[in-house]
Amino acid sequence: MPDHILEMVGITKKFPGVTALDDVSLSVVRGEIHAICGENGAGKSTLMKVLSGVIPHGIYTGEIRYEGAEVHFRDIRSSERAGIVIIHQELALIPELSITENLFLGNEPTRFGVIDWAEAHRRAAELMASVGLQADPRAAIKDIGVGRQQLVEIAKAVNKNVRLLILDEPTAALNETDSAHLLSLVSSLRDRGVTCIMISHKLNELVEIADSITILRDGMTVETLDVAEGDVDQDRVIRGMVGRKLDSRFPPYEPSLGETFFEIRDWTVRHPQVPERLVCKGSNLVVRRGEIVGIAGLMGAGRTELVRSVFGRSYGVYESGTLIKDGKEIVLHSVPEAIAHGLAYVTEDRKTLGFNALDDIKRTTVSADLPRISRHSVVDRAKEIEVAEKYRTALRTKAPSVHTGVAQLSGGNQQKVVLSKWLFTEPDLLILDEPTRGIDVGAKYEIYGIIQQLAASGKGVIVVSSELPELLGLSDRIYTICEGAVTGVLDKAEADQERLMRLMTTTSTTTEVDA
Amino acid sequence: MSLKGMLGANARQFGMIFALIALIIFFQWQTGGLTLTPDNVINLFNGNSYILILAIGMVLVIIAGHIDLSVGSIAAAVGIVVAIAMRDWGLSWWAGVLLGLVLGAVIGAWQGFWVAYMGIPAFIVTLAGMLIFRGINQTVGASNTVPVPRDFQYLGAGYLPEIGPDTGYNNLTVLLGLIAVAFVGYRAISTRRRNVRLGSPQAPLSAELARNGLLIAALLYATWLFATGRPGTSFPIPGLILLAMVLLFGFLSSRTVVGRHVYAVGGNRHAAELSGVRSKRVNFLVMMNMSVLAALAGMIFVGRATSSGPFDGVGWELDAIAAVFIGGAAVTGGVGTVTGAVIGGLVMAVLNNGLQLMGIGADLTQVIKGLVLLAAVAFDVFNKMQGRPSMIGLIMKGLRGTPAEPEKKPDRESNLTTV
């Protein structure tokens, strides 16, 4: 009987409208590295939030047994007291403060109530040595690289006498050298008796370092693989991650493809805040008339960055590349220019980017093309209502009237209003970013139908989605993106989830661009 | 029929207007009839029109999600330059007004540039502007008071002239009142027709009649008051300018593309940008417009005071901001109306005036005004928390002829801070 440091049993967590975790179980053996895998939205992060007390006891159901006893964490402090430390993808360090100050934030060593800096720096140096971090403890966090910042976080955890360390995508932002260092550090922590839970999309790393791998899918535990037993490779993990069946969740549809009318060529874009980081690395993409083009990629791969930078450079800093529409090069400096050239973009984050929650349906519907219902810049409110009614009927938006506030609608109906807004601009190319996120199955089906209708009328559609079944069911062709680069393109006939997942995690073929 | 039924779906939709009317009646009673005399009402308009004009600009700034603390200083800076230009260069009154407006536009462009294109928070830019333009006022004027010519004073203290046959009333004022009544009637009918044609929801006819009947009665009464004042007085020119501004900006904000864009930027800037709104341009225009209106307000004040001084406009920004928030705007932006801001400003003005007539000192008056501001906003916030839309939102909806639907709580946290 293995010695389990942690057992989570029957964890269920529901958010309004979605079940994030459905009877999930997780058993972690003392002193192992336990990896958790799953597609975006499979419930990995939610599970870790439950474990670390971010989602406090009482608002989830199920039992957590830690060190042999049932525990009820109320917040992150109570889990930390028990020796569970979570290191998030976005590091919780204060950039302006020094390494030492960050290490001891909240429990600074004091003498007579005054911070004892000599002691603090001495102990900081010790901690840093224990994680192999070479730097001046007085250096500010913002002046050391991401790799070293990660080590500071781990040193902080060591200082808190961590017994169970949770790492959420620890190597996502690291280059290969830093990743290798971090992974060997995690191994050495294991040898010192620290148990480690690691969430990562980089399957090759996980297969190499993990002792066991638990796979989550759609908020449920699929299986736990014992790596030591052998026979666990990336393909095996991918199969577990995507192994659901495709059902008839899509309206019947026969595409009629025309000639290529939109092209993205050698598209390179820099990160808006970190100019040395490229979020798009020489990407190429073509769209034919009547075609639904899918873009697949893991979170952070640069899908949204690509489409938003194309949509009037509304994201990032344009570096190079051209856009070609109907055989002519077009230059889109701004969103209004993009709209004028027949592009439309339905945003990923509906609530913060998609609409003004203070507006009603009619105002939202016309908001992207006000001049069309205006004379001499005066909005014709009768026409506004007519237009809104027309789209409400056509898209079957469920609402008492077009005077209803958008904020009061369900996610699916909100998305229909946002779609109305863009359909009203009569675009040639409609870009949809996660078009069905947070939407129930019925509304999804209807939205798929709307997308297909648009394509059938000879327009081009680009769909970005984290849900592979959605891409496979909807797209005529699917591009895969990994770390800002297009890693492949598959026709509908040749695409399946495993092939896509493999291309989505293909970091090796990525041409290294100076970072 | 109950009063509630008479007024449509919800009696509270008239909340702010009722508050204003109740306040007037209360003071009328407490002051033994001194409140609703021609002299006092004319006085009230003359003494507050510049604040109300500022409130019109301010509500747009606040809808867009900003604030402007510099309006008092800008009014003073423009006032002194115009006063000196007319005294020393012999500019005529209209050239002076033109100069003032251009100056306001230039100052506004300066502030708009920093806010919109440099991304400096408006709070900081206009706090700096408050110091800069106060300093310019005192430097240019050498901290002296500069008188303005008689023609120019007409702007702040003039009245509609007597023309036509002697009817015992001021003819132009009567004409203005009748036009206003006709306008209200026409609008009510056309809105109703449009609603019927489009199948939009609307209040019962009786409620509509009661509402517009009350409004028309109030207008006629006001006309009578203004038209029967002391000889030589009638509807004041500052009031006329105010009226023009209310109509102009009420129309701009609710009916035009630019107006929509102001609300869009304030409601959700990112969503607006991704829908093709040039938010920087909107922010620039809103800040610039505020300074032009501040210049206008400054000149009206100078006209009324007959001179420009070093302490003109001190504290105006706070009065204007208070008016906007009493009038139902949200600190977080995206919410507010021009009419609401003007009603809010009138509440403050009536309060000020009434307390003065009652002989309550300026010290206590401030306490009471502060409490009223807090109460009005708190009332709206509590309503919001119970899931009802802003009070002034209901009033405005009511005035547009649509009954307020009971709305569910919008799932947006910031609504809690909405006033």
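**Note on a predicted two-chain model**

1. In α15(B), 17 of the 20 residues are buried, so the helix is mostly covered. Buried means that 20 or more other C-beta atoms lie within 10 Å of the residue's own; exposed means 12 or fewer, partly exposed is in between, and C-beta atoms are placed from the backbone. Helices here are DSSP runs (H or I, at least four residues), strands are runs of E (at least two), and both are numbered from the N terminus.

2. Some ground rules. This is a predicted model, in which local features need pLDDT of at least 70, side-chain atom pairs count only at pLDDT 80 or more, and totals for chains, interfaces and linings use all residues. Residues are numbered from 1 along each chain as its sequence is written, while chains are lettered from A and ligands numbered from 1 in the order in which they are written.

3. Back to α15(B). The helix covers residues 338-357 of chain B. From its first C-alpha to its last, α15(B) reaches 28 Å. That is close to the expected 28 Å, which is 1.5 Å times one less than the number of residues. After the helix comes B:G359, with a positive phi near 80 degrees.

4. How confident is the prediction? What are the scores of the model? Its ipTM is 0.80 and its pTM is 0.76. Residues 1-13 of chain B have pLDDT below 50, with 30 contacts in the model beyond near neighbours in sequence. Residues 395-419 of chain B also have pLDDT below 50, with 73 such contacts. A contact means that the C-beta atoms of two residues, placed from the backbone, lie within 7 Å.

5. Chain B as a whole. Chain B has 17 helices and two strands. Of its 419 residues, 49% are buried. Among its contacts with a separation of 6 or more, 80% join residues 24 or more positions apart.

6. The core. The largest nonpolar core has 259 residues. Such a core is a set of buried Ala, Val, Leu, Ile, Met, Phe, Trp, Tyr and Cys residues joined through C-beta atoms within 7 Å. B:L54 and B:A55 have the most contacts inside this core. Helix α13 (residues 279-305) of chain B gives the most to it, 17 residues. B:A55 touches several residues, including B:A320, B:V324, B:A341 and B:G345, with those up to four places away in sequence not counted.

7. The interface. Here 30 residues of chain A contact 27 residues of chain B. On the chain A side, the elements giving two or more residues are α10 (335-340), α11 (350-354), β20 (378-379) and α13 (381-394). This side divides into 16 nonpolar, twelve polar and two charged residues. Nonpolar covers Ala, Val, Leu, Ile, Met, Phe, Trp, Tyr, Cys and Pro; charged covers Asp, Glu, Lys and Arg; the others, Gly among them, are polar.

8. Two backbone angles to check. Most residues other than glycine have a negative phi. A:R313 has a positive phi, near 50 degrees. A:R313 sits in the loop between α9 (303-310) and β16 (317-325) of chain A. Is A:R313 buried or partly exposed? It counts as partly exposed, because it has 18 C-beta neighbours inside 10 Å. A:E483 has a positive phi near 45 degrees, in the loop between β23 (477-482) and β24 (485-491) of chain A. A:E483 has 20 such neighbours, so it counts as buried.

Key: pLDDT = per-residue confidence, 0-100.
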